[in-house]
Amino acid sequence: MNKYDLNEKVAIVTGARRGIGKGIALKLAENGAKVVVTDISKEDCEKVVDEIKEKNGEALALKLDVTNEDEIKEVVDKTVEKYGKIDILVNNAGIYIAKELDNMETSEIDKELNINLKGPILCTKNVLPKMKEKNYGKIITIASIAGFVGFAQSSIYCATKGALVNMTRELALDLGKNKINVNGIAPGVIDTPMTKDMLEDENIKNNLMANIPYGRIGKPEDIANAVAFLASDEAEYITGQILAVDGGWLTH
Ligand SMILES: NC(=O)c1ccc[n+]([C@@H]2O[C@H](COP(=O)([O-])OP(=O)(O)OC[C@H]3O[C@@H](n4cnc5c(N)ncnc54)[C@H](O)[C@@H]3O)[C@@H](O)[C@H]2O)c1
């Protein structure tokens, strides 16, 4: 169902081969956007593109490791070459390493910082000139409720998500004059490959459920619906905000 008018809009989604990113890519395409589906495996992105095309949508698969600035520049160039512009960037790629800080290798810390924080920074930096040229843009970053509250064994994850939350506010401040909206989503617990092992453990699942007033685990589509709204011109006067899509987790 086409809920928001994203016709003629061009979107890049990172980490879109599966999970929340895939849900976002499908939803933006369903609402009329041309979607550049990116992730570390181009082959997996092509499967998402096939799904979009089966539903008469338009999409392109490109390989993108968000820690590699050369690849980011290539994605920006190829997107503009094929579709002429970039209207929407969804910074979705992320990883979660569940360990207490003193049990983490420094290489693991670097990896989580680079993918979760430096990745969105570099993607945003490289897309901005194209948005500024058109005096139009929507940047939507997938943060987390872990950007607002602490989670056990998640110090670096929480650090990266908290940084994304406040960077979103700052970028909105800089980019209002360019009519570029910068917002974020803070998902609660969403059923994806990232959370599969946790959710298969009944004890962990019950503990998580105890914190969700709405009484169910989230789905990628819950996040995708919020992204489609923030990407639309119905959300034109909203910027610098983080929308929690968490079944009420952050209420207590
Ligand atoms: N699932 C949840 O409960 C939950 C909750 C809050 C926030 N989030 C956030 O939502 C986003 C998506 O998570 P998900 O649950 O779909 O996880 P997921 O593991 O299913 O998907 C993450 C995607 O990111 C990709 N990725 C990993 N490293 C990358 C890199 N270097 N470059 C490009 N892509 C890379 C993976 O290949 C994968 O497709 C993440 O930022 C995550 O932190 C998830």
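**Close-up views of selected residues**

**View 1. E200 is exposed in this predicted model, with a relative accessible area of 55%.** Exposed denotes over 50% relative accessible area, buried under 20%, and partly exposed the range in between (1.4 Å probe, protein chains only). In this predicted model, local features need pLDDT of at least 70 and side-chain atom pairs count only at pLDDT 80 or more, while totals for chains, interfaces and linings use all residues. Residues are numbered from 1 along each chain as its sequence is written, and side-chain values use heavy atoms, with hydrogens and water left out. The side chains of E200 and K196 form a salt bridge (3.1 Å, N to O); this term requires a side-chain nitrogen of Lys or Arg within 4 Å of a carboxyl oxygen of Asp or Glu. About one helical turn separates K196 from E200, because they stand four residues apart in helix α6 (residues 196-200). Helices (H or I, at least four residues) and strands (E, at least two) are DSSP runs numbered from the N terminus. K196 is partly exposed, at 44% relative accessibility.

**View 2. A salt bridge joins D233 to K138 (3.3 Å, N to O).** D233 belongs to the loop between α8 and β7 (242-245) and K138 to strand β5, so the pair ties together parts 95 residues apart in sequence. K138 is buried, with a relative accessible area of 2%, whereas D233 is partly exposed at 37%.

**View 3. R17 and D44 form a salt bridge, with their closest N and O atoms 2.9 Å apart.** This pair links distant parts of the chain, 27 residues apart: R17 lies in the loop between β1 and α1, and D44 in helix α2. R17 is partly exposed, with a relative accessible area of 23%.

**View 4. N126 is placed in helix α4 (residues 106-134).** At 10% relative accessibility, N126 is buried. Its side chain makes a polar contact with the side chain of E69 (2.9 Å). A polar contact is a pair of N or O atoms within 3.5 Å; within protein, one must be able to donate a hydrogen and the other to accept it, and residues adjacent in sequence count only if both atoms are side-chain atoms. The side chain of N126 also reaches the backbone oxygen of L122 at 2.8 Å.

**View 5. Helix α1 is mostly covered, with 10 of its 12 residues buried.** Among the buried residues of α1 are I20, I24 and L28. The elements covering them include β1, β2, α2, β4, β5 and α8. Just after α1, G32 takes a positive phi of about 105°.

Key
Contact means heavy atoms within 4.5 Å.
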